[in-house]
Amino acid sequence: MDFPFSLFFLLGIDRFWLLETSFINNLTPLGYKFVILLLYLSSSSNFKPLEEENFDIVEEMSRRHPKFERRLPKRIILMRHGESQGNLDMSAYTTTPDYRIPLTPLGAEQARAAGRGIREAVSEGGRAPGWKVYFYVSPYERTRSTLREIGRAFPKERILGVREECRIREQDFGNFQVEERMKVIKETRQRFGRFFFRFPEGESAADVFDRVASFMESLWRDIDMKRIDQDENSETNLVIVSHGLTTRVFLMKWFKWTVDQFERLNNLENCEFRVMQLGPGGEYSLLIHHTQEELERWGMSPEMIADQQWRATANRGTWNEDCSWYLTSFFDGLEDSEDPDGERNGENEL
């Protein structure tokens, strides 16, 4: 029964119609995995796997068909690397390629402390018995070294795996960097805007956004294909060891922050991390682990805080209704309702 069902997908038959058929109930577990694979393979022509429509399709399949179950990680933790030689002395970039810049001794110490902090968070102070971690790491020397020091806090049995991921690397500033020239360029970036400014021979934050979005597609595919966690009795935590701007861009994409909201945020300190924790309604929020005061100091606006508060407790699907303030940031003078004839309130009055 799996092969004809997959043909329906390839022929473009409506996906929600397929959910209504009894046909899907006869699929084997392998067939369900194949369905998810087809959903992602078709992303180039019909839809993207991270769009709300497709998240809802997977969620609806889980609800209607118990054989299919999406198990989300309990936490997604994003961390900036420890202090590097480039953070200490900008002239290091004139002789050493960015990807080879090493940690300082302080950076290694920061990473070891962060590892203990992450373990404290995922183990809930030792109260959570079945927790495990899976790591994604940027290929740069400073992030790899940071991960190595973080790993000292975890026994081998708690580590599900690790993957080097090029798409979460640092923003590309060009090749060897001339110190005085880079100071002028970064001053120009401040005037132009951090998100759209592209470094000569390098990237803009908008470019980083595009490759982070691609990484997220792979992340969801790993989750849906159960490549990360095969033990249903364990509690999975993803730890992404990356860079300051890349981390902010990841969160911007995930939480649908605007460019203006992105521009508000300060860079994370070395080895500072942000914890996205899964709430009871199936949404991730920063306000389960972090305090409101901490997020305000980071630069989050009252609207961004309100969104995180909603995500901490809300059920999926009610965001537009519960967070109507978001619409007013794009539109002026929205009416609450229309009259029965479809005319806006007051427009037919003489």
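Phe262 is buried, with a relative accessible area of 0% (buried means under 20%, with a 1.4 Å probe and protein chains only). The model is predicted, so local features need pLDDT of at least 70 and side-chain atom pairs count only at pLDDT 80 or more, while totals for chains, interfaces and linings use all residues. Residues are numbered from 1 along each chain as its sequence is written, and side-chain values use heavy atoms, without hydrogens and water.

The rings of Trp220 and Trp254 form a stacked pair, with centres 5.7 Å apart and planes at 20 degrees (rings of Phe, Tyr and Trp, the last by its six-membered ring, pair if their centres lie within 6.5 Å; planes under 30 degrees apart count as stacked, over 60 as edge-to-face and the rest as tilted). Trp220 belongs to helix α9 and Trp254 to helix α10, so this pair ties together parts 34 residues apart in sequence (helices are DSSP runs of H or I with at least four residues, numbered from the N terminus). Trp220 is buried at 5% relative accessibility, and Trp254 is buried at 12%. Both tryptophans belong to one aromatic cluster, together with Tyr134, Tyr136, Phe215, Phe250 and Tyr284.

Helix α9 covers residues 205–224. Of its 20 residues, 15 are buried, so α9 is largely enclosed by the rest of the structure. After α9 comes Lys226, whose phi is positive, near 55 degrees.

Two charges sit over rings (NZ of Lys or CZ of Arg within 6 Å of the ring centre and within 35 degrees of the ring normal). Lys186 lies over the face of Phe173, 5.3 Å from the ring centre. The charged end of Arg274 sits over the ring of Trp298, 4.5 Å from its centre.

Note on methods:
Helices (H or I, at least four residues) and strands (E, at least two) are DSSP runs, numbered from the N terminus. The expected span of a helix is 1.5 Å times one less than its number of residues. Buried means under 20% relative accessible area, exposed over 50%, partly exposed in between (1.4 Å probe, protein chains only).
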